[in-house]
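Let's take a walk through this protein together. Keep the picture open and follow along from stop to stop.

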Amino acid sequence: MNSIMLVDERERLLLAPYAMRSADSAGRVYPEPLHAYRGPFQRDRDRILHSSAFRRLSGKMQVFTGEMGDYHRTRLTHTHEVASIARTIGRALRLNEDLIEALALMHDIGHPPYGHAGEDALNESARDFGGFSHNRFGLTIVQEIEFRFTQFPGLNLTRDVLDGQTARIDKRGDRPRPLLEVQLVDAADSVTYDAHDTDDAIKLGLVSLEQMKRLGLISECLQFVENNYTGLSEELLRQAVVHRLIERQVTSLLEYCASRLQEFDFDSVEEAIQSPFLVEPDDELREMKQELEAFLYQHVYRHPHLVQIRNRAQDKLKEMFRAFCRNPDLFPPKYRRRAAKVGVERMAVEYNAGMTDHFCEQVYQQLTEAGGGQ
Ligand code: MG
């Protein structure tokens, strides 16, 4: 045991003054003794990793559905890519990697089936009952729905991780800035989806690299690849460009933030979050990312094939919502208890939101066969 460098000592040696320390954690709602060798944020990460909502991310679509093949990202592989990119940048900036990992693994845990289409459908169904947001539902899952301890509901995560997720719900400027670790996970999310949605969309044939060459960021990455490699097959060329797309964004974000942090020379976390500093790309990269995202929105997320899938999924979710509201006996028993507490409509939204795409499909079939889904 003596050979293990304890968390506080390790963080004192490795972390920058603007990084969140485990020793400064605001603690848990239900106090627990400290673990012998895992810090509080490591435990949060482990609790999230072992939750059933986390495992279900493997059955939830990111942008493309399971029927479209098995190359593209699911919500789970997206989450791991975000965690990996955020940790890379976080380590280089000497931020708290354990906290970053916990936040990254949690960031999409509240996503319903069928991605943002599912979210929009549930939000519309629940319009008169408080609406639905995947970020808010992520908090509900870890605070109320997951079951791990007999003494209290939820995962009992640290307040720091809960606050980080809360900051995702409302990003307007009327609340204090979140920790740099929280800001970084958000920035890494954007780096990740810009790169993998490009990759998946080209691989699926929804758009071509040729078509995307007119975008500043893609043309720059393509130029780099062409300067460094010759004779690449179409497949390898796509992969090389996407690899460069990640590298370009990560390096630029890292260098820009590192130089700004050096200028600010913060002595503490408080100083950092009260200053105008943000973990964000420089103006040039931001503009190029906006151009790429506008293209993806128009040609990929709004592609007729995806719009069709989206409309079908939305109709199903809305129909299921109505069926559960009409007949709460359709809920499995443990959800009936929660329905008594939060109301049938909220329970219908939560039950739908917790489903994987495939399970949602199955339940929908059962409901329609039973005649409950009109
Ligand atoms: Mg995400």
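Start by finding Arg-55, which sits in helix 3. Keep in mind that you're looking at a predicted model.

Now for the metal. Which residues hold on to the magnesium ion as protein donors? They are His-78 and His-107, each through NE2, plus Asp-108 and Asp-189 through OD, at 2.2 to 2.5 Å from the ion. Along the sequence, these donor residues follow the spacing H-x28-H-D-x80-D. Both His-107 and Asp-108 are buried.

Next, salt bridges: the whole structure has 29 of them. Take Arg-73 and Asp-199, whose closest N and O atoms are 2.8 Å apart. Arg-73 is in the loop between helix 3 and helix 4 (75-92) while Asp-199 is in helix 9 (residues 180-203), so this pair ties together parts 126 residues apart in sequence.

Another pair is Asp-120 with Arg-310, at 2.9 Å between the closest N and O atoms. Here helix 6 (residues 115-125) provides Asp-120 and helix 15 (residues 304-326) provides Arg-310, and the two are 190 residues apart.

Last stop: Met-5, Leu-13 and Leu-14 form a nonpolar surface patch of about 300 Å². Leu-13 belongs to helix 1 (residues 7-14) and counts as exposed because its relative accessibility is 58%.

Methods
Residues numbered from 1 in each chain as written. Predicted model: local features only at pLDDT ≥ 70, side-chain atom pairs only at ≥ 80, totals over all residues. Heavy atoms only, no water. Patch = residues over 30% accessible without salt bridge, like charges linked within 9 Å, V, L, I, M, F, W, Y side chains within 5 Å. Areas by Shrake-Rupley, 256 points an atom, 1.4 Å probe, with all protein chains shown as cover. Salt bridge = Lys/Arg side-chain N within 4 Å of Asp/Glu carboxyl O. Helix = DSSP H or I, 4+ residues; strand = E, 2+ residues; numbered from the N terminus. Buried < 20%, exposed > 50% of the residue type's maximum accessible area, 1.4 Å probe, protein only. Donors = N, O, S within 2.8 Å, 3.2 Å for Na, K, Ca; no water.
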